[in-house]
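Q: Could you walk me through this structure? I am new to it and would like to take it piece by piece.

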Amino acid sequence: MRVGKLMALTAGASLLLAGCGGGDAGGGTGENALPGVDQFLNAPCPEAAVKPATDKEFTYWSMWTADEPQGKVLQKAFKCFQEKTGVKVDVQWLGRKAYTQNLVPALNTDAVPDLFDQDVSKVGAAIMTPGGTQSVDDVFGLKVGEGDKTVKDVLSPSSYDFPQNKDREGHNFMVPYTIQSSAWWFNKDTAGDIQQPKTMDELIGLFDKAKADGKAAISLDGDIPFYNMYFYTQLAERFVGPGGLYKAATDKTGQTWKTDPGFLKAATETAKLPKYFIDGWDAAKFPQVQQRWADGDSRFLYVGSWAPSETREYLDKQGAGTKINYGSFQFPMPAGATHDTVEQMSIGFSVTKKAKHAEAAKAFIAYFLNKDLLSGIPAVADNLVPRADLAVPDDLKQVKAAMDDPKKEHVLQYDGVDGIAGGKWQTDVFDPADIALLKGQLTPEQFVDQLATKGAEFWKNQG
């Protein structure tokens with residue numbers, strides 16, 4: 001993760017938003033198919049511990065498309081839920097932009113779903129803030145169908161218990177079923193078994209070696225703004241810590257960007273990277289540059305933990321029998337940085353304020369978190385889940401190890417700045433400065449100055 005006339009919008013409009021780059025990813029049937037797909041899809045349905053007393057149906061607007069791996073997992077869960085409870089799920093496969101193109105415009109009508117999903121930052125900014133969600137605190141006490149285990153018993157606290165998942169009254173508004181992070185990706189078979197670089201100099205050394213080997217160092221699909229965001233935000237988080245970027249972005253005077261030297265230091269480090277970007281990074285159309293990485297034209301790719309599933313599907317469709325032996329590592333600590341951070345983003349279910357069948361929607365959330373169903377996310381979609389007792393895909397073990405490292409500070413992806421003012425702060429203030437920094441059109445000093453100036457103007461215009 002990306003009614004009336006709105007319902008006519010196709011899932012194809014969802015290609016480029018939030019949580020992942022989009023497109024059909026993983027769960028294929030060819031050379032690169034995951035070994036657990038058929039086993040999961042053909043396994044018997046678990047029993048449902050919670051059966052709605054009155055609801056016989058509920059509506060769900062999905063951030064996925066039906067043919068994506070996550071869509072396949074959910075379709076099985078819907079089938080099982082109806083089989084075990086008699087409750088039918090009316091699903092609309094709307095894709096990544098469903099929350100902005102469909103749900104936000106529908107909030108002031110009665111044509112809203114009972115259940116929807118998206119990453120927590122976007123739900124908070126676009127749906128919770130205008131009052132479109134209801135508390136899901138009661139879901140955490142529901143049984144998942146594994147004896148007396150409840151939703152709270154099986155979920156990792158870090159996946160839901162954080163400030164950005166609280167509404168104005170302090171209630172949770174989302175229950176996670178997937179967690180994501182990000183990393184530098186490489187192919188062990190062609191790049192070798194690269195170890196985690198400890199310094200930025202060591203990271204730059206890896207890029208120099210790639211160029212010496214005749215490869216571009218970094219693939220970047222520059223037409224996706226939140227891919228461009230990764231570099232600066234990752235580095236800034238290590239200087240200013242969790243919450244630091246968010247604090248600066250919401251400072252109505254803009255002066256925090258200038259008073260904390262970490263922001264300029266991060267911009268200085270970021271400015272060292274673009275000379276290693278692959279030619280055409282700022283002119284291509286996603287996923288062309290990512291596919292060039294999969295084809296071996298470049299050595300490194302920095303994106304989210306969905307990288308293996310997306311590139312595996314691409315290679316599978318190529319039909320050439322090509323495989324990638326995925327390796328990954330985290331950004332190192334820049335000189336002078338004091339926060340060893342790792343990003344985490346939760347994707348999950350929320351129930352709308354106007355839901356007509358909230359009981360059934362909440363019962364389904366608890367049912368989907370049963371290990372026999374949630375196991376489809378790693379088995380079919382090659383993604384991570386917020387249950388510590390389920391399998392971690394081999395491709396993601398290095399990412400998961402970083403997320404589980406007790407020495408690291410957890411920070412919400414991009415420190416949550418992508419959700420500020422419904423995403424407008426990112427598009428109006430950050431993105432123009434960021435792309436100019438990456439293209440060398442702004443110096444690090446000018447970049448910080450622009451964030452301060454444009455940020456202050458932005459908040460003044462917000463009233």
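**Strands, cores and a disulfide**

A: Asp119 stands opposite Ile347 in strand E9. Before going further, please note that this is a predicted model, in which local features need pLDDT of at least 70 and side-chain atom pairs count only at pLDDT 80 or more, while totals for chains, interfaces and linings use all residues. Residues are numbered from 1 along each chain as its sequence is written, and side-chain values use heavy atoms, with hydrogens and water left out.

Q: What counts as a strand or a helix here, and when do two strands pair?
A: Helices (H or I, at least four residues) and strands (E, at least two) are DSSP runs, numbered from the N terminus. Two strands pair if DSSP finds at least two bridges between them.

Q: Which way do E3 and E9 run, and how many bridges join them?
A: Strand E3 (residues 115–119) and E9 run antiparallel and are joined by five bridges. Leu115 has Val351 as its bridge partner in E9.

Q: What else pairs with E9?
A: Strand E4 (residues 175–180) is joined to E9 by five bridges, and the two run antiparallel. Within that pairing, Ile179 stands opposite Ser346. Strand E10 (residues 409–412) runs parallel to E9, with four bridges between them. There, Glu343 has Val411 as its bridge partner.

Q: Is E9 buried or exposed?
A: Strand E9 (residues 341–351) has 11 of its 11 residues buried, so it is largely enclosed by the rest of the structure. Buried means under 20% relative accessible area, exposed means over 50%, and partly exposed lies in between (1.4 Å probe, protein chains only).

Q: And which residues of E3 are buried on each side?
A: Leu115, Asp117 and Asp119 are buried on one side, and Phe116 and Gln118 are buried on the other. Five of the five residues of E3 are buried, so E3 is largely enclosed by the rest of the structure. E3 also pairs with E1 in the parallel sense over two bridges, and Tyr60 stands opposite Leu115 in E3.

Q: Changing topic: how many disulfides are there?
A: A search of the whole structure finds one disulfide, a term used for a pair of cysteine sulfur atoms within 2.5 Å. It joins Cys45 to Cys80, with an S to S distance of 2.0 Å.

Q: Why is it called left-handed?
A: The torsion about the S-S bond of Cys45 and Cys80 is about -70°, so the disulfide is left-handed. The pair links distant parts of the chain, 35 residues apart: Cys45 is in the loop between helix H1 (37–41) and strand E1 (57–62), and Cys80 is in helix H2 (residues 69–85). Cys45 is buried, with a relative accessible area of 14%, and Cys80 is buried at 1%.

Q: How is the chain divided?
A: The chain is divided into domain 1 (37–180 + 345–396) and domain 2 (181–343 + 412–462); these bounds come from an automatic or database domain assignment. Their centres, taken over C-alpha atoms, are separated by 29 Å. In all, 14 residues of domain 1 are in contact with 15 residues of domain 2, where contact means heavy atoms within 4.5 Å.

Q: What about the nonpolar cores?
A: A nonpolar core is a set of buried Ala, Val, Leu, Ile, Met, Phe, Trp, Tyr and Cys residues joined through side-chain atoms within 4.5 Å. The largest has 80 residues, of which Trp184, Phe207, Tyr232, Trp257 and Trp425 touch the most other members. Its largest share, 10 residues, comes from H8. This core draws at least three residues from each of domain 1 and domain 2.

Q: Which residues does Trp425 touch?
A: Not counting residues up to four places away in sequence, Trp425 touches Ala249, Trp257, Val417, Ile420, Phe430, Gly455, Phe458 and Trp459.

Q: Finally, how about helix H14?
A: In helix H14 (residues 358–368), 10 of the 11 residues are buried, so it is largely enclosed by the rest of the structure. The buried residues of H14 include Lys362, Phe364, Tyr367 and Phe368.
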